[in-house]
Amino acid sequence: MAEKKKFNLEYEIKSSPKILYSFLSEPNALAQWFADEVTYRDQTYTFVWDGEEHKAKLLSAKDNKLVKFKWIDDEPHCYFEMEVMQDELTNDVALAITDFAPEDAIEERKKIWDNQIEYLISVLGA
């Protein structure tokens, strides 16, 4: 298996950090844009896409700031993180994504994130 490489993305989102954070951390809100179905139990989120379950452990969460997940069956050093950032001068809000993928799949993974975030923006009405 090819070693996974870390990559970062950033999206400007016209939303308050508090509202945006709820869409990154709450199962019902995640199910509106990230996966078909999301459940949470014992620090583990279960994401369902097309009837297939994928479990991720919640590694850390900071209110209105970030959530960091690790896929249960992924390589030890891999995780995905969604961080809410707010510019102190302009108050503009951005969502920073950190993820891992094999080098030959990074472009495809970026497109998936682009589509997901576009959908999130439409759900937020931002």
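Q: How do strand 1 and strand 7 pair, and over how many bridges?
A: Strand 1 and strand 7, which covers residues 93–102, pair in the antiparallel sense over nine bridges. Keep in mind that this is a predicted model.

Q: Ok, and which residue in strand 7 is the bridge partner of lysine 4?
A: Lysine 4 has proline 102 as its bridge partner there.

Q: What order do the strands of the sheet come in?
A: The order is 1-7-6-5-4-3-2. Seven strands form this open sheet, and the pairing is antiparallel.

Q: So which strands stand at the edges?
A: Strand 1 (4–12) and strand 2 (37–41) do. Each has a single partner strand, so one side of each is left without a neighbour in the sheet.

Q: By how much are neighbouring strands turned against each other?
A: On average by 25°, with direction ignored.

Q: Back to pairing. What about strand 6, how many bridges does it have with strand 5, and how many with strand 7?
A: Strand 5 and strand 6 pair over four bridges, while strand 6 and strand 7 pair over six bridges. Both pairings run in the antiparallel sense. Glutamate 81 in strand 6 is the bridge partner of lysine 68, and glutamate 81 also has threonine 98 in strand 7 as a bridge partner.

Q: What sits between strand 6 and strand 7 in their hairpin?
A: Six residues sit between them. Asparagine 91 is in that turn, with a positive phi of about 65°.

Q: You mentioned threonine 98. Is that residue buried or exposed?
A: Buried, with a relative accessible area of 9%. The cut-off for buried is under 20%.

Q: And what is threonine 98 in contact with, leaving aside its neighbours within four places in sequence?
A: Lys6, Phe7, Asn8, Tyr79, Phe80 and Glu81.

Q: New topic: the helices. Which strands does helix 1 lie across?
A: Helix 1, residues 17–25, lies across strand 3, strand 4, strand 5, strand 6 and strand 7. The helix runs at about 175° to strand 6.

Q: How many residues of helix 1 are buried?
A: Seven of the nine, so helix 1 is largely enclosed by the rest of the structure. Among the buried ones are Pro17, Leu20, Tyr21 and Phe23.

Q: What about helix 3, which strands does that one lie across?
A: Helix 3 lies across strand 1, strand 6 and strand 7, running at about 30° to strand 1.

Q: Now the core. Which residues touch the most other members of the largest nonpolar core?
A: Phe47, Met82 and Trp113 do, out of 33 residues in that core. Helix 3 (residues 106–124) gives the most to this core, with five residues.

Q: What does tryptophan 113 touch, sequence neighbours within four places aside?
A: Tryptophan 113 is in contact with Phe7, Leu9, Tyr11, Phe34, Phe80, Met82, Ile97 and Asp99.

Note on methods:
Residues are numbered from 1 along each chain as its sequence is written. This is a predicted model: local features need pLDDT of at least 70, side-chain atom pairs count only at pLDDT 80 or more; totals for chains, interfaces and linings use all residues. Side-chain values use heavy atoms; hydrogens and water are left out. A nonpolar core is a set of buried Ala, Val, Leu, Ile, Met, Phe, Trp, Tyr and Cys residues joined through side-chain atoms within 4.5 Å. Buried means under 20% relative accessible area, exposed over 50%, partly exposed in between (1.4 Å probe, protein chains only). Helices (H or I, at least four residues) and strands (E, at least two) are DSSP runs, numbered from the N terminus. Contact means heavy atoms within 4.5 Å. Two strands pair if DSSP finds at least two bridges between them. Axes are lines fitted to C-alpha atoms, for helices over the stretch in contact, and angles run from 0 to 180 degrees between N-to-C directions.
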